[in-house]
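Hi everyone, thanks for coming. Today I'd like to walk you through the spaces and the ring contacts in one protein model. Here it is on the screen.

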Amino acid sequence: SGFTGRLTLGQRPLPWSYVREYVTALRGLLNGERVVWEGKLIEMMHPDGFGAPRPIDGPFFIAAAGPKGIAAARELGDGIFTTPPVEGDFSLNPVLIMGTVLDEGEPPGSERAIAAAGHGAAVGLHFAMEFGQTDALPGGREWAAIYEASPEEERHLALHDQHLIAVNERDKPFVTGEVLQAQGLALDHGAWRDRLAALEADGATEVAYQPAGNNIPRELEAFAALLA
């Protein structure tokens, strides 16, 4: 439904009925079929050598949450793509993971850890604001007030500044080591292994790791070492 992408544009998410129609049309096109889209007949018109030969086969994962999204994933997808928690009863359930593996003795509030994992905490704060749940977060009311002070017509631009890249200036006072640890974003090697084992037990079939910070190779290598 384009939740993040749509909100970044100042729009609301698309209805799941639209997602159903879109995915059905896309699968038909990849199969080499003619489909009706926006009232007109369309097809992949690439001649040989100008595109992959049809049918183009591959698994479809529906990124979803909530009952309507999960129902769409069951109907249309070969699997579901989620953020924790795991949905649990899909044969394929990749899970998005953010965060950093702490060095031995490193506190979760270190400058490095916040640079590498703070983007994940900021996303949690932003989603809480979108769903009206900021009062449940430590400092949530104060944090939301900073964004509410922005003019409404440009608030979405402020809210998504540095989205999934870094911690922006508005979020910095609220993204602390305690928040990272509480959200499972800055953990040592053993705690990360326990978390991954719990996700697997709940039905996760793989993880999609999204690193950040000033040393991406270090983040990738440290996370990969968890599975060694």
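Let's start inside, with the largest cavity: His-119, Ala-122, Val-123, His-126, Asp-161, Gln-162, His-163, Leu-164, Ala-166, Asn-168 and Asp-171 line it. Before going on, a word on the source: this is a predicted model, where local features need pLDDT of at least 70, side-chain atom pairs count only at pLDDT 80 or more, and totals for chains, interfaces and linings use all residues. Residues are numbered from 1 along each chain as its sequence is written, and side-chain values use heavy atoms, with hydrogens and water left out.

What do I mean by a cavity? On a 1 Å grid over the protein atoms alone, it is a set of points where a 1.4 Å probe fits but cannot get out; a pocket is an open set with protein on both sides within 12 Å along at least five of seven lines, and lining residues have an atom within 4 Å of a point. Grid points are joined across faces, edges and corners, and a volume is the space filled by probe spheres set on the points.

How many cavities of 30 Å³ or more are there? The count comes to one, and the volume of the largest cavity is about 30 Å³. Its lining has four nonpolar, five polar and two charged residues. Here Ala, Val, Leu, Ile, Met, Phe, Trp, Tyr, Cys and Pro count as nonpolar, Asp, Glu, Lys and Arg as charged, and the others, Gly among them, as polar.

The largest pocket holds about 1,500 Å³ of space. It is lined by 47 residues, and the closest to its centre are Phe-3, Ala-64, Ala-65, Thr-83 and Phe-127. By class, that lining has 33 nonpolar, eleven polar and three charged residues.

The second largest pocket has a volume of about 270 Å³. Among the residues that line it are Leu-7, Arg-12, Glu-130 and His-160. Which helix gives the largest share of this lining? That is α6, with three residues. Helices (H or I, at least four residues) and strands (E, at least two) are DSSP runs, numbered from the N terminus.

Next, the rings. The structure holds six aromatic pairs. Rings of Phe, Tyr and Trp (its six-membered ring) pair if their centres lie within 6.5 Å; planes under 30 degrees apart count as stacked, over 60 as edge-to-face and the rest as tilted.

Find Tyr-18 and Tyr-22, please. Both are in helix α2 (residues 16-30), four residues apart, so about one helical turn separates them. Tyr-18 is partly exposed at 32% relative accessibility. Buried means under 20% relative accessible area, exposed over 50%, partly exposed in between (1.4 Å probe, protein chains only).

Tyr-18 also pairs edge-to-face with Trp-37, at 5.9 Å centre to centre and 75° between the planes. Because Tyr-18 lies in helix α2 and Trp-37 in strand β1 (residues 35-37), this pair ties together parts that are 19 residues apart in sequence. Is Trp-37 buried or exposed? Trp-37 is buried, with a relative accessible area of 17%. Ring pairs link Tyr-18, Tyr-22 and Trp-37 into a cluster.

One last stop: the charged end of Arg-27 sits over the ring of Phe-60, 4.3 Å from its centre. For that label, NZ of Lys or CZ of Arg must be within 6 Å of the ring centre and within 35 degrees of the ring normal.
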